[in-house]
Amino acid sequence: FFKGVVMYLIAYDVTDNKRRYKIRKIAYSYAFGGQKSALEADLNKKEIFELAKKISAKMNLQSDRVHIVKVKKFLFLGVAKELKFQKGDIIM
């Protein structure tokens, strides 16, 4: 990684669709990957505070939850393959 840049995991659970869209838009603007409401981002100190400030301004502190977790060590195992299903398939 670049000096001063740290990997973070951004995960959110927002109850209102309109707020969820706004928070997702902010989170995705900082992220480089992830899935739906769990995103990966390489951020420097300034960016992490900027992200937290922007998200907290849009969320309902009583009902929404956003976690921004610093990842010190991680193991990248690869990319999941997309599964294709046919109408009527049963998944267990």
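Leu 83, Phe 85 and Ile 91 make up a nonpolar surface patch with about 350 Å² of accessible area together. Such patches join nonpolar side chains within 5 Å, taking residues with over 30% relative accessible area and no salt bridge (a Lys or Arg side-chain nitrogen within 4 Å of an Asp or Glu carboxyl oxygen). Areas follow the Shrake-Rupley method with a 1.4 Å probe. Ile 91 lies in the segment after E4. Ile 91 is exposed, at 59% relative accessible area (exposed means over 50%).

The model is predicted: local features need pLDDT of at least 70, side-chain atom pairs count only at pLDDT 80 or more, and totals for chains, interfaces and linings use all residues. Residues are numbered from 1 along each chain, and side-chain values use heavy atoms, without hydrogens and water.

An open sheet holds 4 strands, ordered E2-E3-E1-E4, with antiparallel pairing. Strands E2 (33-35) and E4 (65-71) stand at the edges with a single partner strand each, so one side of each lacks a neighbour in the sheet. Neighbouring strands are turned by 20 degrees against each other on average, direction ignored. E2 and E3 (residues 38-43) pair over 3 bridges; pairing requires at least two DSSP bridges. Gly 34 stands opposite Leu 39 in E3.

Two helices meet these strands. Helices are DSSP runs (H or I) of at least four residues, strands (E) of at least two. Contact means heavy atoms within 4.5 Å. Angles run from 0 to 180 degrees between N-to-C directions of axes fitted to C-alpha atoms.

| Helix | Strands | Angle |
|---|---|---|
| H1 (residues 17-30) | touches E1 (6-13), E2 and E3 | about 170 degrees with E1 |
| H2 (residues 45-58) | lies across E1, E3 and E4 | about 140 degrees to E3 |

Note on methods:
Patches are made of residues with over 30% relative accessible area and no salt bridge: like charges are joined within 9 Å, nonpolar side chains (Val, Leu, Ile, Met, Phe, Trp, Tyr) within 5 Å. Buried means under 20% relative accessible area, exposed over 50%, partly exposed in between (1.4 Å probe, protein chains only).
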